[in-house]
Amino acid sequence: MSDFHTQHLSQSIQRIQLLINRKEVIEAWLHSQNKQPKHSLVESLTHRQHLTELGQLINRLHPADTALLLESIPPEQRPLIWHLIDEEKAGAVLLELSDSVKHELINHSDAQILTAAAQHLESDEIADLVQELPKEIAPDLLFSLPSEERDRVRSAMSFPEECVGAWMEFDIPVVRDDISLDVVLRFFRRQGSLPDNSGQIMVVDDYGHLKGTLALEDLLTHSGDLPIADVLDDKPITFHTNSSAEEAARSFERYELTVAPVVNAHNKLVGVLRVTALMDLIAEQAHKKLLLNAGLNKEENLFDPISKSAKNRWPWIALNLLIVFIASRIIDQFETVITQVVALAALLPITANIGGNAGNQVVALVIRGLATKQLNASNTLQLLRKELSISLMNGLIWGCITAFITYLLYSNIYLSLVMMLAMLSTMLFASLIGVAIPIALKRLGQDPALGSSVIITGTTDTLGFLIFLGLAAVIL
């Protein structure tokens, strides 16, 4: 997004918010006046004027920008904005909203409004929206669709979200492989428009089996009497409806694809997968991982109720509290050693913090390797050996530096030795745990990003305290 567009969007949203606030203030003042016919008329006219101005501003925005506006204002103001959105844009706005705000608006809308909003969407978009609607509304919405579109929506709804079938589109240009290029051109002239900006036309046989793809470039640069079969790409990259959507996203990135055909088990063309849909998938997954790394297991809106937001943060706070209590009990067991050598209290956080930092670096690397499929069962041991070697080298180098600084501060050679050995041991353990935790979560069927950083930080802190104080008890 350009800086100009960003600035213009920000100004538009601020202007709308100011209009909403001004409307509330003026109407509250008018309402407080004596209820004479003149005041009632002024109040009614003022209300209509504000609504008209707001509606014009809101409907100039792109649906994604309107969604941002709805997420940026308090919940009590959202219904006003929502009911001013034009019917043909309302469905697209719903799809752009975060789950919490979307469910809030759906719960405050009647069936007629939601059905009208959905009817302006494509089949795959309707399938996404239907799954968010109340159960009593969805059947009526499906019944209101033409039979062919209804079948497409039901087909898209039959696939789990992690499958390609849930992200494919159905409205695609398709031609048979036994016609000439001129016939194709005449077809598009009658249509009055070229296919979308993907630049690819799907080619099938009489039975709907995928034969390949035809590039618009080839359609325009070859002789018109050539049959499609002579110029099509008969080995395009294709995906099955049950293929992993995440794997498909990686393939799009690897091969720089913009569109790819989707086939069923019988190699029949059922739809296409576009890069725009996969961008939505990637953004959604990145958002979820960001929340999980922050210790939030559910999406939280800025203006959610206090109790809801608080409960959303409880699980990882509880885990952190448990780990901290374990660490505190470990420190308590070495109270005598700390009392005898007061410097230990000042040096105690160093090894724990360094271990946590080293562990988080390894965790980030392992999660990335798992996500890109570069890390698997055959090379996990090799990665572990590499990370332990790195930790051994860094532990020796920085352990010696830390020991030297400790000696300068406290003139105690044994305390310096404790610091060096503690640094080395903690970094080795951090690497081992950093590799193990994401892999263990993956094998348990959990997202490796699910609290890995929280777990590694708490674990390395606890181990850092135990190693440091344990060595101090033995050596000092």
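Reader: Why is Phe239 called buried?

Author: In this predicted model, Phe239 has a relative accessibility of 7%. Buried means under 20%, so Phe239 counts as buried.

Reader: What makes Phe239 and Phe252 a stacked pair?

Author: The ring centres of Phe239 and Phe252 lie 5.9 Å apart, and rings pair if their centres lie within 6.5 Å. The planes stand at 25°, and planes under 30 degrees apart count as stacked. The pair of Phe239 and Phe252 is therefore stacked.

Reader: Where in the chain do Phe239 and Phe252 lie?

Author: Phe239 is in strand 4 and Phe252 is in helix 14 (residues 245–255). They are 13 residues apart, and the pair links distant parts of the chain. Phe252, at 5% relative accessibility, counts as buried, because the limit is under 20%.

Reader: How many aromatic pairs does the structure hold?

Author: The structure holds two aromatic pairs. One of them is formed by Phe187 and Phe188.

Reader: Why is the pair of Phe187 and Phe188 called edge-to-face?

Author: The angle between the planes of Phe187 and Phe188 is 65°, and angles over 60 count as edge-to-face. The distance from centre to centre is 5.2 Å, which is to be set against the limit of 6.5 Å for a pair.

Reader: Which residues touch the most other members of the largest nonpolar core?

Author: That core has 58 residues, and those touching the most other members are Ile16, Ile58, Leu69, Ile81, Leu97, Phe239 and Leu273. A second, separate core has 19 residues, among them Phe334, Leu347, Ala422 and Phe465. In soluble globular proteins, nonpolar side chains tend to be buried together.

Reader: How are strand 2 and strand 3 arranged?

Author: Strand 2 and strand 3 form a hairpin with five residues between them, and Gly208 in the turn has a positive phi of about 85°. Strand 2 (residues 200–204) pairs with strand 3 in the antiparallel sense over five bridges, and Gln200 stands opposite Ala215 in strand 3. Five of the six residues of strand 3 (residues 210–215) are buried.

Reader: What makes Glu104 and Arg78 a salt bridge?

Author: The N to O distance between the side chains of Glu104 and Arg78 is 2.8 Å, and the limit is within 4 Å. Glu104 and Arg78 therefore meet in a salt bridge. Glu104 belongs to helix 6 (residues 99–107) and Arg78 to helix 4 (residues 78–82), 26 residues apart.

Reader: Why are Glu104 and Arg78 called buried?

Author: Glu104 has a relative accessible area of 18% and Arg78 has 0%. Buried means under 20%, so Glu104 and Arg78 count as buried.

Reader: Why is Glu148 called exposed, and what is its salt-bridge partner?

Author: Glu148 is called exposed because its relative accessibility is 52% and the limit is over 50%. Its partner is Arg152, with the closest N and O atoms 3.3 Å apart. Glu148 and Arg152 both lie in helix 10 (residues 147–157), four residues apart, about one turn of the helix. Arg152 is partly exposed, at 23%.

How values were computed: Residues numbered from 1 in each chain as written. Predicted model: local features only at pLDDT ≥ 70, side-chain atom pairs only at ≥ 80, totals over all residues. Heavy atoms only, no water. Core = buried A, V, L, I, M, F, W, Y, C linked by side-chain atoms within 4.5 Å. Buried < 20%, exposed > 50% of the residue type's maximum accessible area, 1.4 Å probe, protein only. Phe/Tyr/Trp six-rings, centres within 6.5 Å; stacked < 30°, edge-to-face > 60°. Helix = DSSP H or I, 4+ residues; strand = E, 2+ residues; numbered from the N terminus. Pairing = 2+ DSSP bridges.
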